[in-house]
Amino acid sequence: MSDKPVLYYEIHEPVGANEAGNEDAPTLVLSSGLGGSANFWKPQLEALTKNFRVITYDHLGTGRSPAALPKGYSIADMADELLALLDSLDVTECHLIGHALGGLVGLELALKRPSMLTSLIPINAWSCPNIHSARCFNIRKALLAAGDKAAFLQMQTLILYPPDWIVEHAEALQAEEAHLLAHFPDEANLLTRIEALTTFNIDDRLSGIETDTFIIADRDDLLVPWKRSQILAARLPCAALSVLDYGGHACTVTVPNIVNDLILTHLSGYVSEETS
């Protein structure tokens, strides 16, 4: 019996599909950011399952995919794990949406096996380290080192959401922070994942990614400067960029209707082609 870790995943069949599913529906894979949780994509599921077979998953070493991540663990390793999952599900081609770290996984997957990706949608992603994001992560690591998990989660809220959105959702966010504090992730794995994303650098390989790429960024993203997405759009051979003025780092949560509309507009041509 193999003791190789297995990724937790969920398959959300298209609305109206029978129990056997809809084999003709194109597959859409959603890859989350640092937290790695499949639940991050709840605001997108209703809209995306109208025409797509959607796969969400918990990254290795997070949530329902428990594992001790090794030293030197990288974004390339995360891409290999996702490819292994897709192979096990007999997925040979899909669209992929990745938020932040999940976007890096998508870029790496496009380099490793370009035939797997019909299109790629990175949201608030990047291709190399930058000093501003490094400062944010250094503060988060310092809070972990000090044992102040509550402050770590409060800073996480500040990073993810715009100030006015935080005020308007204060009660729900406090409850969420309390829940996360009671179920705090493995600290060693969290630090390993931070190391992987802060050292990711494929700037010199971007010209080799020919996947159709639609990039979404936010001018008010506190964690990742939106111009990192502008760099991606300029250097990828087949890329378009849409920049939101409002939404923060977690725009999929704060302005889901806007983000969902952008995603569906990009994918609309593929729906008619792939289901015809």
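A cavity is a set of points, on a 1 Å grid over the protein atoms alone, where a 1.4 Å probe fits but cannot get out. A pocket is an open set with protein on both sides within 12 Å along at least five of seven lines. Lining residues have an atom within 4 Å of a point. Grid points are joined across faces, edges and corners, and a volume is the space filled by probe spheres set on the points.

The model is predicted: local features need pLDDT of at least 70, side-chain atom pairs count only at pLDDT 80 or more, and totals for chains, interfaces and linings use all residues. Residues are numbered from 1 along each chain as its sequence is written, and side-chain values use heavy atoms, with hydrogens and water left out.

One cavity of 30 Å³ or more was found. The largest cavity holds about 40 Å³ of space. Its lining consists of L7, Y57, H59, L60, Y73, M78 and E81. Five of these residues are nonpolar (Ala, Val, Leu, Ile, Met, Phe, Trp, Tyr, Cys and Pro), one is charged (Asp, Glu, Lys and Arg) and one is polar (the others, Gly among them).

The largest pocket holds about 1,200 Å³. It is lined by 45 residues; G35, S37, Q156, E176 and L180 lie nearest its centre. By class, the lining has 21 nonpolar, 16 polar and eight charged residues. Helices (DSSP runs of H or I, at least four residues) and strands (runs of E, at least two) are numbered from the N terminus. At least two lining residues come from each of α1 (42-48), α4 (131-145), α5 (149-160), α7 (170-182) and α8 (187-198). The most come from α5, with six.

Strand β4 (residues 94-99) is mostly covered, with six of its six residues buried (under 20% relative accessible area, 1.4 Å probe, protein chains only). C94, L96 and G98 point one way, and H95, I97 and H99 the other. Strands pair if DSSP finds at least two bridges between them. β4 pairs in the parallel sense with β2 (residues 27-31) over four bridges. Here V29 is the bridge partner of L96. Six bridges join β4 to β5 (residues 117-123), also in parallel. C94 has L117 as its bridge partner in β5.

The chain passes from β4 through α3 (residues 101-112) to β5 in a right-handed crossover (clockwise from the first strand over the helix to the second, with the strands pointing away from the viewer). Eleven of the twelve residues of α3 are buried, so the helix is largely enclosed by the rest of the structure. Among them are L101, G102, E108 and L111.

Notes. Buried means under 20% relative accessible area, exposed over 50%, partly exposed in between (1.4 Å probe, protein chains only).
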